[in-house]
Amino acid sequence: MRRYRSTLTLAFLSLLFTGLHAQEKFVANYDEAKVPKYTLADPLEGVTDAASWKAKRTEILALFEKEMFGRSPKYDGGKIAVGDALPPFEILGGKAKVSQPVIKVAGQDLRLLVILPAVSDKAVPAFLGYNFGGNHTVFKDQRIALAQSWMKDGKAQNAKEEDRGKSASRWGIDRIINAGYGLVTLYYADVDPDFHDGFKNGIFAKHGVPKADEWGSIAGWAWGLSRVLDYMEQTPMGVDAKKVAVMGHSRLGKTSLWAGATDERFALVISNNSGCGGAALSKRVFGETVGRITNSFPHWFCGNYNKYANNESALTFDQHMLIALMAPRPLYVASAEEDQWADPHGEFLSCVAADPVYRLLGTEGLPSKEMPKVNETMQGHIAYHIRTGKHDVTGFDWEQYIKFAKKHL
Ligand code: GCU
């Protein structure tokens, strides 16, 4: 037994060492010439028409569930419970009305920040997306509740007053409201704190440690977005639940894609700089890789995904098939020139490879196979741009999203 235990300890230490070592050694490739030769699976293999695509879609979705994001528990469709809302108020000189309902899901209290045009008494189309730092960072106003859950620097419940409005430039509420749209946002850590805690917190606490083919944090966050949509459908809150664009940046862009894939009620999907595990092709091994992402963020995906770490050629699918799961709904993929870590070219190529599915379903797809010039938008049923600047969400990005939404929602 002792011997067994020491072998186990050794195995553990060597695993730990290999893990750390791999992490230390990791050098991202940013050279197109060094992208390995790869073949992408054809999402339309065996598909002849819209009806056979439906069956193929189910197969592809199951593959992503089993091998990458993990299967989420089915929701029973019951009424979403609510907690105490805070008093509503107006902002932007009376142009917008704000409410902050709480919904209760899987043992968690999720505080929504709902900002709608004040002039409209009709239900409006809206953008729905998580924020990274708490609702109080989205817009500077004392009346917005400070986040209550885990904060990135590790200490619980330490949201700071001085962080109010810190990420306002990532949302540009004024622009959204002026265009006649609503915004519904919530803090992603209310659903699941973003660190590898052995799935002990957030919505996972109730569920227990996931099996190798069960949900990781990204799937958990996506599941949370679907529950917000349930609430919107169930509650006359001023949002047209049939016209909700799910939007996310970076890890939350990976999340918006998975939400769009698993829940076809989302009418439009936006991936902002989602990169590896999001819109970017993994087989290009450019910038962040499967090995690197599963090492740095072991909680994001399901256990099965680890087998592709530094082994991308073993993938029988790639991210173009995730993009295809949105079809025929309008989808926007956006990159940033200085965000090579997220592989803008690989994000674009995913859209190119998903285009035939969109066309089969009778939509325009992606207007061209050539990447557009920087700061030019290309908008078919799949839209794409690469803008100047770094990994971020900017006013330019939002202008394009709103233009796209105006066309489709
Ligand atoms: C890291 C990570 C990316 C992720 C990003 C973010 O850079 O490697 O995969 O998209 O964080 O979420 O900001």
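W300 and F301 are both buried (under 20% relative accessible area; exposed is over 50%, partly exposed in between, with a 1.4 Å probe and protein chains only). For W300 the relative accessible area is 3%. The model is predicted: local features need pLDDT of at least 70, side-chain atom pairs count only at pLDDT 80 or more, and totals for chains, interfaces and linings use all residues. Residues are numbered from 1 along each chain as its sequence is written, and side-chain values use heavy atoms, without hydrogens and water.

The structure holds 27 aromatic pairs (rings of Phe, Tyr and Trp, the last by its six-membered ring, with centres within 6.5 Å; stacked if the planes are under 30 degrees apart, edge-to-face if over 60, tilted for the rest). F297 and W300 form a stacked pair, because their ring centres lie 3.8 Å apart and their planes meet at 5 degrees. F297 is partly exposed, at 21% relative accessible area. W300 also pairs with F301. There the centres are 6.5 Å apart and the planes stand at 65 degrees, so the arrangement is edge-to-face. Ring pairs join these residues into a cluster of F64, F69, W258, F297, W300, F301, Y305, Y308 and F317.

F297 and W300 also belong to the shell of the ligand, together with F132, S250, R251, K254, E288, I293, W341 and H391 (a residue is near a molecule if one of its heavy atoms lies within 4 Å of it). By class, the shell comprises five nonpolar, two polar and three charged residues (nonpolar: Ala, Val, Leu, Ile, Met, Phe, Trp, Tyr, Cys and Pro; charged: Asp, Glu, Lys and Arg; polar: the others, Gly among them).

For R251, a polar side-chain atom sits 2.5 Å from a ligand oxygen. The side chain of S250 places an N or O atom 2.6 Å from an oxygen of the ligand. For K254, the distance is 2.9 Å. On its own the ligand has 320 Å² of accessible area, and the protein covers 81% of it (Shrake-Rupley method, 1.4 Å probe; for residues, only the protein chains shown count as cover).

Two arginines sit over aromatic rings (NZ of Lys or CZ of Arg within 6 Å of the ring centre and within 35 degrees of the ring normal). R227 lies over the face of W223, 4.9 Å from the ring centre. R284 lies over F286, at 5.1 Å.

The structure holds zero disulfides (pairs of cysteine sulfur atoms within 2.5 Å). For C276, the nearest cysteine sulfur is that of C302, 14 Å away. C276 is buried, at 5% relative accessibility. C302 is buried at 3%.

Key. Polar contact = N/O pair within 3.5 Å; in protein donor to acceptor, adjacent residues only side chain to side chain.
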